[in-house]
Amino acid sequence: MAAQINPSILSADFARLADEAKAVEGADWLHVDVMDNHFVPNLTLGVPVVESLARATDTPLDCHLMIEAPDRWAPQYVEAGAGSVTFHAEAAAAPVRLAREIRAKGARASMALKPATPVEPYEDLLPELDMLLIMTVEPGFGGQAFLDIMLPKIRRTRELIRKHGLELWLQVDGGVSASTIERCADAGADVFVAGSAVYGASDPAEAVRALRTQADAGTAKASWFCDH
Ligand code: DX5
Ligand code: ZN
């Protein structure tokens, strides 16, 4: 699978979301950061905005819920039109039940891990998921510096995916840019969220293409990929 690039609209102009979505039409998914000012110290948008955005673009929506009580809210994002819904492991009361509910409603189910949350306790849950998101910054804000110390976790997750023969996508989010994306791909990521690196560029569509080319180059050289 070619690397997937998901621009984060957190770095876009919220008053022009439909245009900002069109500006990255070659992207694989549009990453939508939902924050509730409880799980993270920031507040963004909710179900009505996702509903409108889903009508305004053909690019599928990848909703990243940085909220408490995702068990209660996540299904509503599927109904609002999200193609993929990510809840945080630290916030979910019943992650298996929630992942099954998201899938049953017709979206891809995904779970996110904050930097201090290890992947190993979730090994047996991985078959219940379509994607695992490894945060490479503390969630809450765009434009933060990439945490290199997350690279070993990405490698260990890729190894678990291989060990169990899973179709799981491995997403990274936070500080992904031209200077960090190859390291992420080399470690085993295959879905890349980029906010400031895309919307801070003079040509966002070109930034998406350039990031994808770089990620593909990183993957082609990677041992986890070459060994297949
Ligand atoms: C941060 C969000 C990210 C954010 C990434 O909590 O989950 O999706 O938009 O922004 P950059 O790419 O600028 O780090
Ligand atoms: Zn995000």
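This dialogue covers the zinc site and the aromatic pairs of a predicted model.

User: Which conventions apply here?

Analyst: Residues are numbered from 1 along each chain as its sequence is written, and chains are lettered from A and ligands numbered from 1 in the order in which they are written. In this predicted model local features need pLDDT of at least 70, side-chain atom pairs count only at pLDDT 80 or more, and totals for chains, interfaces and linings use all residues, while side-chain values use heavy atoms, with hydrogens and water left out.

User: Which residues are the protein donors of the zinc ion (ligand 2)?

Analyst: Donors are N, O and S atoms within 2.8 Å of the metal (3.2 Å for Na, K and Ca); water is not among the atoms, so sites may look incomplete. Here H31 (NE2), D33 (OD), H64 (ND1) and D173 (OD) lie 2.1 to 2.3 Å from the zinc ion.

User: Is H64 buried or exposed?

Analyst: Buried means under 20% relative accessible area, exposed over 50%, partly exposed in between (1.4 Å probe, protein chains only). H64 is buried, at 0% relative accessibility; H31 and D33 are both buried too.

User: How many aromatic pairs does a search of the whole structure find?

Analyst: A pair of aromatic rings is described by the distance of the centres and the angle of the planes. Rings of Phe, Tyr and Trp (its six-membered ring) pair if their centres lie within 6.5 Å; planes under 30 degrees apart count as stacked, over 60 as edge-to-face and the rest as tilted. The search finds two pairs. W29 and W169 are edge-to-face, at 6.2 Å centre to centre and 75° between the planes. W224 and F225 have centres 5.7 Å apart and planes at 75°, so this pair is edge-to-face.
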